[in-house]
Structures are given as C-alpha cells and as structure tokens.
Amino acid sequence: MLIRFNKPYGVLSQFTPEGRWRGLKDHIDLPGVYVAGRLDADSEGLLLLTDDGQLQAQIADPRFKMEKTYLVQVEGVAHENALAQMAQGVMLKDGMTRPARARAVAPPAVWDRDPPIRVRLNKPTCWLEMVIREGRNRQVRRMTAAVGLPTLRLIRTAIGPYILGELPVGRWAEAP
C-alpha cells in the first residue's frame with residue numbers, strides 16, 4: 001500500500017508530535033504505514049507513506065535520485081542569473097548541490113497557509129518550480145537563499161511518478 005498525504009504546515013513527518021509541531025497521527029490513522037522520505041514541519045505538500053519496506057527505501061534513499069518537484073514562493077524577483085546558478089548547482093556549507101531545474105511560474109492556485117507567510121510591503125515575491133534529485137537537509141530553502149531569493153513558502157508537488165494532484169490539504173488517499 002502507498003499513501004499520498006497533503007501535509008499541512010506545522011506537521012512533522014512522524015506520527016508523534018514534538019514541541020509546537022503536530023504529528024501525522026492527527027491526520028492518518030492507519031496501522032503499519034511508515035513515512036518514505038521527509039518533509040520539514042514548515043514545508044507543505046506531498047508526503048508518501050507505505051507499508052512496503054523496499055518501496056520506502058527506494059523512495060527515500062538518495063542513491064535512487066528520485067526527482068522531487070516543489071512550488072517555492074520566494075522573496076524577490078527571480079532573475080535569469082539566479083535560475084542559471086541553480087541549474088549549475090549552488091555551493092552550500094556542505095558542498096556543491098547537484099544541478100536543479102528551476103523556472104519562474106505564475107502564482108499557483110493553492111490553499112491558504114495557516115499561519116500565512118510574512119509579507120513585506122516593499123518586497124515583491126514570486127513563485128518558482130524547482131526539481132531536485134537529492135535531498136539534503138532544507139536544501140531548496142538553502143539553495144534559494146544562496147542565490148538571493150529567501151523562501152517564504154515551500155510546497156512539494158511530486159516525488160518521482162507520484163503527484164499531489166488535487167488532494168486537499170490535511171487529507172490522504174491511496175496512490176494509484
């Protein structure tokens with residue numbers, strides 16, 4: 001069994017709550033399923049869960065280099081230089097990232113976030129679609145910051161062939 005879950009902001013990629021963050025048990029009451037990969041508590045979108053250990057390893061293990069696709073709202077305007085830097089790989093404190101596909105996109109029709117992002121009246125924002133093949137800790141956020149575009153909101157929309165689609169926030173469904 002493979003489950004797609006549209007993880008809300010403020011929910012950990014684990015069943016047990018911790019500190020101010022809620023756990024998956026508030027949304028998913030299925031025995032025997034485990035998270036395949038992680039998504040930070042302050043990120044939203046597609047999280048996969050499965051009862052198949054081999055599938056879990058294939059999804060989560062960086063050796064398989066499964067693509068992960070994100071919608072990223074950033075502070076600032078995405079200029080060609082920033083997108084080109086991400087396409088070549090960005091130097092972070094833990095080394096150079098693999099090249100990412102990044103492009104500016106129109107603001108997507110997504111659910112409201114609770115709490116809403118911080119807005120600064122004198123700073124424009126824009127949306128990017130980013131595709132990465134590795135999963136370093138907070139990698140997308142660190143990459144956008146390194147090119148001068150701090151992340152305000154991060155929504156994962158796909159992991160390899162598995163897509164979020166129209167799944168409502170906080171809901172889960174069995175993957176086709």
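Helices (H or I, at least four residues) and strands (E, at least two) are DSSP runs, numbered from the N terminus. The model is predicted, so that local features need pLDDT of at least 70 and side-chain atom pairs count only at pLDDT 80 or more, while totals for chains, interfaces and linings use all residues. Residues are numbered from 1 along each chain as its sequence is written, and side-chain values use heavy atoms, with hydrogens and water left out.

**View A. The largest nonpolar core, with 30 residues.** A nonpolar core is a set of buried Ala, Val, Leu, Ile, Met, Phe, Trp, Tyr and Cys residues joined through side-chain atoms within 4.5 Å; buried stands for under 20% relative accessible area, exposed for over 50%, and partly exposed for values in between (1.4 Å probe, protein chains only). Leu49, Val72, Met86, Leu128, Met130 and Met143 have the most contacts inside this core. At least two of its residues come from each of strand E1 (2-7), strand E3 (44-50), strand E4 (68-75), helix H2 (80-88), strand E8 (125-132) and helix H3 (139-146), and E8, with four residues, gives the most. Apart from this core lies another, of twelve residues, among them Ile159, Tyr162, Leu164 and Leu167.

**View B. Helix H2 and its buried residues, Ala82, Leu83 and Met86.** Seen down the axis of H2, the buried residues fall within an arc of 95 degrees, so they line one face of the helix; the arc is that of the directions from the helix axis to the C-beta atoms. An α-helix has 3.6 residues a turn, so residues three or four places apart point the same way. The buried residues of H2 pack against E7, E8 and H3, where contact means heavy atoms within 4.5 Å. On the other side of H2, Glu80 and Gln88 are exposed, and just after the helix Gly89 takes a positive phi of about 105 degrees.

View C. H3 is followed by Gly148, whose phi is positive, near 85 degrees.

View D. Residues up to four places away in sequence not being counted, Asp42 touches Tyr9, Trp21, Arg138 and Arg141. Most residues other than glycine have a negative phi, and most peptide bonds are trans.

**View E. The cis peptide bond from Asp114 to Pro115.** The omega of this bond is near 0 degrees. Pro115 has its place in the loop between strand E7 (101-105) and E8.

**View F. Leu154 in strand E9.** Leu154 is buried, with a relative accessible area of 5%. Its neighbours within four places in sequence left aside, Leu154 is in contact with Ser43, Glu44, Tyr70, Leu71, Val72, Val140 and Arg141. The C-alpha atoms of Leu154 and Val35, which are 119 residues apart along the chain, are separated by 19 Å.

**View G. The largest pocket, with a volume of about 380 Å³.** On a 1 Å grid over the protein atoms alone, a pocket is an open set of points where a 1.4 Å probe fits, with protein on both sides within 12 Å along at least five of seven lines, and lining residues have an atom within 4 Å of a point; grid points are joined across faces, edges and corners, and a volume is the space filled by probe spheres set on the points. Of the 22 residues that line the largest pocket, Arg38, Tyr70, Gly135, Arg136 and Arg156 lie nearest its centre. Helix H1 (53-60), E4, H3 and strand E9 (151-159) are the elements that give two or more residues to this lining. The lining divides into ten nonpolar, five polar and seven charged residues, where Ala, Val, Leu, Ile, Met, Phe, Trp, Tyr, Cys and Pro count as nonpolar, Asp, Glu, Lys and Arg as charged, and the others, Gly among them, as polar.

**View H. The second largest pocket, with a volume of about 230 Å³.** This pocket is lined by 13 residues, of which Trp111, Thr157, Leu164, Gly165 and Glu166 lie nearest its centre. E9 gives the most to the lining, with three residues, and the lining residues divide into nine nonpolar, three polar and one charged.
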